[in-house]
Amino acid sequence: MPESRKDADVEVMGRDNGGQPDNKNIVPARFVFPATLPVLPLLSRPLFPKMMVPLMVDDEALKAMLTSTASASSKFIGLVLARNGEDSETRHIPRKASELHDVGVIAEILQVSTSSTEGPIQVMVGVLERFKITEVVSEDPVIVVRPTYVIETEMADNDELRAYSLSIITAIKELLQLNPLFKEELNLFLNRTNIKEPGRLADFAAAMTTATGKELQEVLEALGIRGRIEKVLLLLKKEIDISRIQVRISKNIEEKVTKQQRDYFLREQLKAIKKELGLVKEGKETELDEFKERLAKLTLTDEANERISEEMNKLGIMEPNSPEFTVSRNYVDWLTSLPWGVFSKDSYDIRKARSILNTDHYGLEDVKDRILEFLSVGILKGKISGSIICFVGPPGVGKTSIGQSIARSIGRQFYRFSVGGMRDEAEIKGHRRTYIGAMPGKFLQAIKVCKTQNPVIMLDEVDKIGASYHGDPASALLEVLDPEQNRDFLDHYLDVRFDLSNVMFICTANQLDTIPAPLLDRMEVIKLAGYIQEEKMSIARKFLIPKQLNAHGITPGQLAINDAALRGIIDGYAREPGVRGLENHIKKICRKAAKLLVEEKATRVSVSLKDLNEFLGKRLFSETDPFKKPRVGVVMGLAWTSMGGSTLYIEATEVGAKNPGFKQTGQLGSVMVESSEIAYTYVRSFLNGAPNARDFFEKNFIHLHVPAGATPKDGPSAGITMATALYSLVMNKPIRAHYAMTGELTLTGFVLPIGGLKEKTIAAKRAGVVNLIFPRENRKDYEELPAHIRKGLKPHFVQTFREVVEICFGKK
């Protein structure tokens, strides 16, 4: 315990030194302050003299020290701020004097109260004066220091200190107007002090602020009155600014709340007035009346009428605030929003339909004829219903736009959505109402949007529909797309049968292989093969260029693309079957032309063949064909892909080896590998009678390759092409002219028919090949092709491989 009767050093701040500490004025203070002090560390803020503050202490060593000091005759302790007190992550009770600031305050313990033996104790202390730590006496179990006390005496009465004091009082009064929390405390303080105590006034003002512990410690350590007051005035100015911001924020919030309350009361009053005058009904009654108005315009089925009546009766007795009310209300809303018995009037003008199709699309005469035949049947029946059409073709050939044209030609609403990647059957048949956020499937959503029971609904990318653990959407489509079943289509959400038999369904796909057979069986398939160069030229002139000029704000007189340039774009940049790539390149030309018109103030931009490199960059497709001249072991084949028809070369070469054999490369699929092995075996058998050929097979290892090895390839139709390449290699004879061929070869030399003949013919014509070899059974397919596609081609139809040899190499 500190010794109370030992002399303590005191610094006296007197009347004659202007408020600055006088270190020469050391006087004894016996029996007043002890020579040593136990220290109670403060963690967040320092305390100032003349304050009475309650403290909570939980540390066991400090609790013991406070209890013993409170029962001693000298009840003084030191209160010093810890250096790490503001950092919440590293805050802890200091155990060493080095963790404390050098200046603190001495306080007298007025009262100690404990709620329990193990809990924290509450200590009421009265703060007296400042002190500086001059020596550390001990640090265990608590820190004990030897202090030098700083006693403030009455200051000299001069104008400067009076002005400082008045500045503090003015700032405090301004702060109280903004934040009246300290008003009572300030009144007590002002009653007990006067303007001649500026130091005490500064201490009180600092304690009022929300400044940080570090800032308050600087005020505590400012022993000079003038310096202390200047620091306090800065803190008060900052506090006033913060309080003004708080007042502004509070005022804004209060204004918003007040306006909202005022609007609410006015709306409630208006609602009550209207209700008294009979001008409006309550919300639930209004909704029920709205549902009844909808029902008056509909022709409901008996099942739907019974369900809606039942649900509306339930709504009538439910409380609007109950969760079931919202669920039931949404359900009735859906039931009454569907166009029960509402049909749009079909247009039965076949000439108008042909005109719309011709206006919207160039070429595709066979497709247009199929569509007009289909519409003609509907006209004769007087009803176009139960129809499911599937357009199959490569991207960009106009499948979606043809569907829109059909809807326009018969005067029906059109709705399109994509089923590509769809993995949840609830997208088709709806969610059950037991789920939060449940809603009907896509088909009933489409019916609601179209507001008729007989729209044209297009299902894009039906060949890319998926499946997952959520279900199989393709199987769910079976019910929708079956005319015998969809008249009683049952959506899980609606749970009432709805007739979809009057809807005209149009599906689009790039290929048929990935469409489930039961689903494909319900569709009428119409194939769109693609466009040849002449068709693309006409489409670009009539549709694409005017469309893009308008989209880019360019007039026809400002941009001209001549025919040579257009052919160059089609041949060098856009060889795909569709016209989407061609349109993208026309867009690119329009953007560059717009830049020239704006930036260089050009009046007209002309694009010729030599300008394409500048506008579109390097050609994507080479102008030269390394195999244009017939070569030994190289033959052109025709292939079909989901992107349309294409040409590909098949190469064969030999390597002298002791162990003869055969291998194939080019990322071939299993079917194509089998075709190559059949071709190799058949050619060996075919040439078995020729001694030179037999000797060739016995002494060479033969390698068959299909270029573009990064592209997977499969299918049986390259059989005769592979066999011809092998025959050319063995006989060391190139084919007589530039031929392209396709056909499946059997082990006995027969040529079987193939599919995709139109696409393959277009690919050959696009590549500039005139002589074509097809299986004989495909003659009828070739003769059905439009005349402009067949024009200039020389087809040869074969039944056996021997005929292929005679055409390509001459008779043996």
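## A tour stop by stop

Select Asp-495: at 34% relative accessibility, this residue counts as partly exposed. The cut-offs give the reason: partly exposed covers the range between under 20% (buried) and over 50% (exposed), so Asp-495 at 34% falls in the middle class. The model on your screen is predicted.

**Stop 1: two residues with positive phi**

Stay on Asp-495 and show its backbone. What is the phi of Asp-495 near? It is near 55°, a positive value in a residue other than glycine. Now colour by secondary structure. Asp-495 sits in the loop between strand S12 (489-490) and strand S13 (497-498).

Next, select Lys-601. Its phi is also positive, about 55°, although Lys-601 is not a glycine. Look for this residue in the loop between H19 and strand S17 (605-607). Is Lys-601 buried or exposed? Its relative accessible area is 66%, and because exposed means over 50%, Lys-601 is exposed.

**Stop 2**

Go back to helix H19, residues 580-599, and pick Lys-588 within it. Lys-588 has a relative accessible area of 31% and is partly exposed.

**Stop 3**

Move to helix H6, which covers residues 225-277. Select Ile-245, found in this helix. Together with Ile-245, they make a nonpolar surface patch of about 330 Å². Ile-245 counts as partly exposed, at 40% relative accessibility.

Stay in helix H6 and show the side chains of Lys-237 and Asp-241. They meet in a salt bridge, 3.2 Å from N to O. How many residues apart are Lys-237 and Asp-241 in helix H6? They are four residues apart, about one turn of the helix. Both ends are partly exposed: Lys-237 at 46% relative accessibility, and Asp-241 at 29%.

**Stop 4: other salt bridges**

A search of the whole structure finds 30 salt bridges. Select Lys-429 and Glu-479. Their side chains meet in a salt bridge of 2.8 Å, N to O. Lys-429 belongs to helix H13 (residues 426-429) and Glu-479 to helix H15 (residues 473-480), so this pair ties together parts that are 50 residues apart in sequence. Hide the surface to see the pair: Lys-429 is buried, and so is Glu-479.

Now try Lys-464 and Glu-461. This salt bridge is 2.8 Å, N to O. Its ends are partly exposed, with Lys-464 at a relative accessible area of 40% and Glu-461 at 27% relative accessibility.

Then pick Arg-130, Asp-203 and Arg-228 together. A network of salt bridges links these residues.

**Stop 5: a cis peptide bond**

Zoom to Asp-140 and Pro-141. A cis peptide bond joins them, with omega about 5°. Where does Pro-141 lie? Pro-141 is in the loop between strand S7 (121-138) and strand S8 (144-152).

**Stop 6: a buried phenylalanine**

Select Phe-797, in strand S26 (residues 794-798). Its relative accessibility is 12%. Buried means under 20%, so Phe-797 counts as buried.

Leaving out residues up to four places away in sequence, Phe-797 touches Phe-774, Pro-775, Arg-776, Asn-778, Arg-779, Tyr-782 and Glu-803. Then draw a distance from Phe-797 to Glu-777. Their C-alpha atoms are separated by 8.0 Å, and the residues are 20 apart along the chain.

**Last stop: the whole chain**

Zoom out. The protein chain has 27 helices and 26 strands. What share of its 812 residues is buried? Buried residues make up 46%. Show the surface again: the accessible area is about 41,300 Å², and carbon and sulfur atoms hold 51% of it.

Definitions and conventions: Residues are numbered from 1 along each chain as its sequence is written. This is a predicted model: local features need pLDDT of at least 70, side-chain atom pairs count only at pLDDT 80 or more; totals for chains, interfaces and linings use all residues. Side-chain values use heavy atoms; hydrogens and water are left out. Buried means under 20% relative accessible area, exposed over 50%, partly exposed in between (1.4 Å probe, protein chains only). Contact means heavy atoms within 4.5 Å. Accessible areas come from the Shrake-Rupley method with a 1.4 Å probe; for residues, only the protein chains shown count as cover. Patches are made of residues with over 30% relative accessible area and no salt bridge: like charges are joined within 9 Å, nonpolar side chains (Val, Leu, Ile, Met, Phe, Trp, Tyr) within 5 Å. A salt bridge is a side-chain nitrogen of Lys or Arg within 4 Å of a carboxyl oxygen of Asp or Glu.
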